[in-house]
Structure formats: C-alpha cells, structure tokens
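Please read it alongside the sequence and the coordinates.

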Amino acid sequence: MEGADEGAAERVVDSKDMQQQSKALDKLTDRVEDRQLDSTRVQEAMASIAASAEADWNAMRLREKELAAVKINAADVDIIASELELDKKVAERTLREHKGDAVAAVCYLLR
C-alpha cells in the first residue's frame, strides 16, 4: 500500500509542478504579447508623428512660397532696416508678412 501512496503523492506533486510551470509559461507569453502590443502602439505613434511633421513642413514650405510671391519695395526694406536698426532680412520678412504694407510692418515692429 505504501508504494501506491507514494505513486499517488508523486503524481500530485508532479501535477502541482506542471500547474506552476504552466502558469509561469502563461505569464511569459503574456509579457511577450504585451511587448508586441506596445511595439505596435509605438510604431503607430511614430507614424503619426512623422505624418504631423511632414504636414508642418509642407505648410511651412507653402507659407514661404506665399511670402516670396509678395511684391515689396526695396526702399521700404532699407528704410525700415536703417530706422529701426534691424537686419535687412528681418525687415524684409516683416514687410512680406504684412503684404508689402510698410506702415503695418513698422507698427508691428514697434509693438
């Protein structure tokens, strides 16, 4: 009878050991799945950021093209730059942003 009890006890221990191993394996695979989900989220976020950056860059290029198309008077640039002691590039940019209106550009710069 003792041999049968030992066999039964050994099966119970083996069964518990198998359950523990199974739980450990489940935890391991859950972590792998979580990492895969996190990786997917990161990839989606990076794609979103890249698309946003590209849209911002395209908008900036379009704005620069619009500003370059604005007709300005070179004399206005010189006067604004010398009177307000600004770099000519700053004076030109401000004048273009105000569609060539020297008065509006000067008022903006004096604020």
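Among contacts in the chain between residues at least 6 apart in sequence, what percentage join residues at least 24 apart? The value is 42%, where a contact means heavy atoms within 4.5 Å. This is a predicted model, in which local features need pLDDT of at least 70 and side-chain atom pairs count only at pLDDT 80 or more, while totals for chains, interfaces and linings use all residues. Residues are numbered from 1 along each chain as its sequence is written, and side-chain values use heavy atoms, with hydrogens and water left out.

**Overall architecture**

- The chain has four helices and zero strands; helices (H or I, at least four residues) and strands (E, at least two) are DSSP runs, numbered from the N terminus.
- Read from the N terminus, the order of elements is α-α-α-α.
- Of the 111 residues in the chain, 9% are buried; buried means under 20% relative accessible area, exposed over 50%, and partly exposed in between (1.4 Å probe, protein chains only).

- Val42, Met46 and Ile49 make a nonpolar surface patch of about 310 Å². Patches are made of residues with over 30% relative accessible area and no salt bridge, like charges being joined within 9 Å and nonpolar side chains (Val, Leu, Ile, Met, Phe, Trp, Tyr) within 5 Å.
- Met46 is located in helix α1, which covers residues 2-69.
- With a relative accessible area of 53%, Met46 is exposed.

**Helix α2 and its packing**

- At the start of α2, a side-chain oxygen of Asn73 comes to within 3.0 Å of the backbone nitrogen of Ala75.
- Helix α2 (residues 74-83) has Val77, Ile80 and Ala81 as its buried residues. They lie on the same side of α2, because they cover an arc of only 95 degrees around the axis; the arc is that of the directions from the helix axis to the C-beta atoms.
- The buried residues of α2 pack against α3 (88-97) and α4 (102-110).

**Packing around Thr94**

- Thr94 belongs to helix α3 and is buried, at a relative accessible area of 5%.
- Not counting residues up to four places away in sequence, Thr94 touches Ala105, Tyr108 and Leu109.

**Loop residues with positive phi**

- Glu85 lies in the loop between α2 and α3, and its phi is near 50 degrees, a positive value in a residue other than glycine.
- Glu85 is exposed, with a relative accessible area of 74%.
- Lys99 is placed in the loop between α3 and α4; although not a glycine, Lys99 has a positive phi of about 55 degrees.
- Lys99 counts as exposed, at 68% relative accessibility.

**Salt bridges**

- Side chains of opposite charge can pair when their charged atoms come close.
- The structure holds five salt bridges, a salt bridge being a side-chain nitrogen of Lys or Arg within 4 Å of a carboxyl oxygen of Asp or Glu.
- Lys88 and Asp78 form one of them, with the closest N and O atoms 2.9 Å apart. This pair links distant parts of the chain, with Lys88 in helix α3 and Asp78 in helix α2, ten residues apart.
- Lys88 is partly exposed at 48% relative accessibility, and Asp78 is partly exposed with a relative accessible area of 35%.
- Arg96 forms a salt bridge with Glu92, the closest N and O atoms lying 3.1 Å apart; both residues are in helix α3, four residues apart, about one turn of the helix.
- Arg96 is buried, with a relative accessible area of 17%, whereas Glu92 is partly exposed at 30% relative accessibility.
- Arg93 forms a salt bridge with Glu97, in which the closest N and O atoms are 3.0 Å apart. Arg93 and Glu97 are separated by about one helical turn because they are four residues apart in helix α3. Salt bridges that share partners join Glu64, Arg93 and Glu97 into one network.
- Arg93 counts as partly exposed at 32% relative accessibility, and Glu97 is partly exposed with a relative accessible area of 29%.

Key:
Accessible areas come from the Shrake-Rupley method with a 1.4 Å probe; for residues, only the protein chains shown count as cover. A polar contact is a pair of N or O atoms within 3.5 Å; within protein, one must be able to donate a hydrogen and the other to accept it, and residues adjacent in sequence count only if both atoms are side-chain atoms.
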